[in-house]
Every structure is written in C-alpha cells, then in structure tokens.
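Please keep the sequence and the structure in view while reading.

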Amino acid sequence: CKILRCNSEYVAATLHLRGPERSPAFCTALRSYSLCTRRTARTCRGDLAFHSAVHGIEDLMIQNNCSKEGPTAPPRPRPPAPNAHGFESLDICDYERSFLYKHGRPPGFQHCAAFGDPHIRTFHDDFHTCRVEGSWPLLDNDYLFVQATSSPVAKGSNATVTSKLTIIFKNMKECIDQKVYQAELDNVPAAFQDGSVNGGARPGGSSLSIWERSPGRHVEIRAAYIGTTIAVRQAGRQLSFSIRAADEVARAFTDEQDLQLCVGGCPHSQRMSRSPRGRGRVPADTARALCREMLPVEDVYFQSCVFDVVTSGDTNFTMAAHGALEDARLFLPDAEKLHIFQ
C-alpha cells in the first residue's frame with residue numbers, strides 16, 4: 001500500500017499555497033491526490049490511512065468548489081525526513097497531525113466511561129446504571145476491543161462492579177504490533193501483557209505508550225496513532241475505565257458489532273434505577289454527606305456515588321465517582337457537557 005507516498009506528495013504540493021491564487025492550485029493538488037489514491041485502491045482496501053484520505057479528499061473538494069475534471073499537478077519532490085524514522089512514519093502514526101494535514105482542522109473527540117456499580121456514560125452522553133454480571137464489551141471496533149468483567153458488589157446484591165478489564169489494541173501495520181492490556185483488582189500494571197510499555201519495534205511504536213499516574217491504582221494509555229487516550233483506575237474493590245476517542249475511531253464498526261456499552265449503553269433488561277430502595281448497608285443521608293464532600297454538584301456522578309455507597313457500604317466508591325468526573329473533565333471536548341442531570 002503506497003498511501004503514505006500519496007499523503008506526502010499532497011502535503012508537499014499544498015504546503016506553501018497562500019493568498020487569492022491558492023484555490024486553482026489547491027484544486028489541482030487535490031485532483032492529483034485523488035488520482036494517486038485510486039491507483040493504490042486495490043492494495044490499500046483495508047488501510048485506515050487510505051480510507052481517511054479518500055473521505056478527506058471528497059470533503060475538501062466540496063469545501064473548495066473543486067471540479068473532479070481538470071489538470072493534475074505533477075508530484076513535487078518529497079520533503080526531507082524530520083526524524084530518523086522518516087516523514088511518512090511520523091505522519092501516519094500521529095493521528096491528530098495527520099488529520100490536521102488532510103482536513104485543515106483538528107479532529108473531533110468523544111468520551112465514554114464505566115465506573116462504580118457499573119455506571120456507563122456513553123459516547124452520546126447517555127447515562128445508565130447496569131447490573132451486567134459477567135463479561136460485556138465496552139468497545140468492539142476496527143481498532144480497539146475493550147471488555148469489562150463484572151461481579152456482585154456484595155453477596156445477594158443485584159448490583160455489580162467491574163473486577164477485570166481487558167483492552168486489545170489491534171495491529172496497525174504501519175505503527176504498532178497488537179498489544180493486550182489487562183487489569184484486575186489489586187493488579188493495575190503499568191505495562192502490557194507481554195511486559196512492554198509501548199507499541200513495539202515498528203517505526204511508530206512510541207505512538208502507543210503507558211504512563212503510571214499512581215502506582216497500582218491509576219494508569220493512562222496514550223494511543224496517538226488513533227487519537228485515543230484511556231484511563232484505568234482502581235478505587236476500593238472496583239475498577240473504572242475512561243476513554244477519549246477520535247470520532248472516526250469511535251464510529252469504526254459494523255452492524256454485527258452492535259453490542260458495545262460505550263455506544264448503546266446497557267441493554268434495557270440490564271438497567272437499574274439509581275434510587276436506593278429498601279435497607280442499604282449505609283443510610284442514604286450518610287451516603288449523601290460523604291459523596292457531597294467529593295462531588296459538590298448533585299449530578300449523575302453524585303447520584304451514582306450515593307447509590308454505590310448505600311448498596312455496598314464501601315466509602316471508597318466516593319473516590320470512584322470523583323475519579324470518573326476528573327477523567328471526564330480532562331477528556332470531554334465540550335466542557336458544558338461535563339455534568340449530566342437526570
């Protein structure tokens with residue numbers, strides 16, 4: 001697949017275009033870029049960069065009123081490599097930079113989280129409390145698979161908590177080897193299952209990395225090659241998961257991959273009310289006072305905190321809700337959507 005060459009030639013052809021004379025030359029460069037992608041279509045069919053380029057060209061041609069018929073520019077000399085790995089590997093394994101080159105704007109992002117009972121905040125800002133005992137997929141798309149395994153929060157309780165998280169970063173041949181990350185209660189490692197802390201020996205291996213925020217309690221995984229950041233935390237006897245994913249990555253799935261808690265929330269049969277009923281392990285007033293110390297805004301994070309403390313009797317759940325809110329504060333592209341009120 002020679003899509004990287006097409007990308008480089010397009011960037012070189014448009015890098016210095018400025019002013020009122022830009023448009024005709026820009027359209028010529030776009031037609032040349034389109035011709036180059038068509039020549040590589042057969043060998044690049046399953047390539048993310050190829051499909052991104054094709055869609056990007058269509059959008060740019062519409063935005064700039066470019067006709068599909070017309071002159072095409074001869075390829076310009078390729079720019080010198082800015083690092084030891086060369087321009088191509090740097091470009092393709094830095095999603096945000098590559099997107100900016102192609103579209104002239106930064107990519108959009110979406111946020112999902114699973115914490116506590118578990119409570120699910122979906123990419124669409126829906127909020128559910130689930131009973132989902134056993135293993136359920138949070139994400140299942142072309143680039144990522146994330147599975148959460150839940151168990152009862154207390155003996156005889158319908159409420160469950162996440163006790164294990166498995167995250168698979170699928171192979172992307174230009175950038176990383178397939179990597180698997182797994183966390184369990186009291187084992188939140190700062191490394192992938194094979195002991196590595198990055199995406200492997202490929203030129204873009206450093207575009208996937210793990211950072212330890214709090215030893216044994218909080219790690220952050222940065223996947224720059226797909227514009228995605230993941231946080232995994234342990235608070236008390238439960239794990240939590242948060243993700244900031246590029247729009248294109250979050251939507252990269254087929255109709256067969258329809259069960260994803262981050263996309264559709266938990267199934268209707270698995271949803272629970274967050275209104276504490278019957279006798280809890282902690283009085284509701286006590287739980288509210290504890291949660292208010294960590295969560296002064298009485299939004300769904302606060303409601304979830306109260307529910308978890310009442311149901312489990314474990315005051316560490318205040319930290320779980322607080323951690324999820326802090327991740328949302330960092331990961332949400334729209335700060336006005338931080339608090340959800342139901």
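## Phe253 in its loop

In this predicted model, Phe253 sits in the loop that runs between helix H6 (247-250) and helix H7 (261-264). Is Phe253 buried, partly exposed or exposed? Its relative accessible area is 30%. Buried would need a value under 20%, and exposed one over 50%. Phe253 is therefore partly exposed.

Which residues does Phe253 contact, once neighbours within four places in sequence are set aside? They are Asp140, Asn141, Gln260 and Val263.

## Gln260 in the loop

Gln260 belongs to the loop between H6 and H7. Its relative accessible area is 1%. The cut-off for buried is under 20%, so Gln260 counts as buried.

The Gln260 side chain has a polar atom 3.0 Å from the backbone oxygen of Gln257. Residues up to four places away in sequence are not counted in the next list. Gln260 touches Pro137, Leu138, Leu139, Asp140, Asn141, Phe253 and Gly265. Phe253 lists Gln260 among its own contacts.

Strand S4 covers residues 134-140, and strand S5 covers residues 144-152. The two run antiparallel. How many bridges join S4 to S5? There are 6. A hairpin of 3 residues links S4 to S5.

Two examples show it. Ser150 stands opposite Thr162 in S6. Ala148 has Leu165 of S6 as its bridge partner.

What is the strand order of the open sheet? It reads S4-S5-S6-S7, a sheet of 4 strands with antiparallel pairing. S4 and strand S7 (179-184) are the edge strands, each pairing on one side only. On average, neighbouring strands of this sheet are turned by 20 degrees against each other, direction ignored. In general, strands of a sheet pair through backbone hydrogen bonds, either parallel or antiparallel.

How values were computed:
Residues numbered from 1 in each chain as written. Predicted model: local features only at pLDDT ≥ 70, side-chain atom pairs only at ≥ 80, totals over all residues. Heavy atoms only, no water. Buried < 20%, exposed > 50% of the residue type's maximum accessible area, 1.4 Å probe, protein only. Contact = heavy atoms within 4.5 Å. Polar contact = N/O pair within 3.5 Å; in protein donor to acceptor, adjacent residues only side chain to side chain. Pairing = 2+ DSSP bridges. Axes fitted to C-alpha atoms, helices over the stretch in contact; angles between N-to-C directions.
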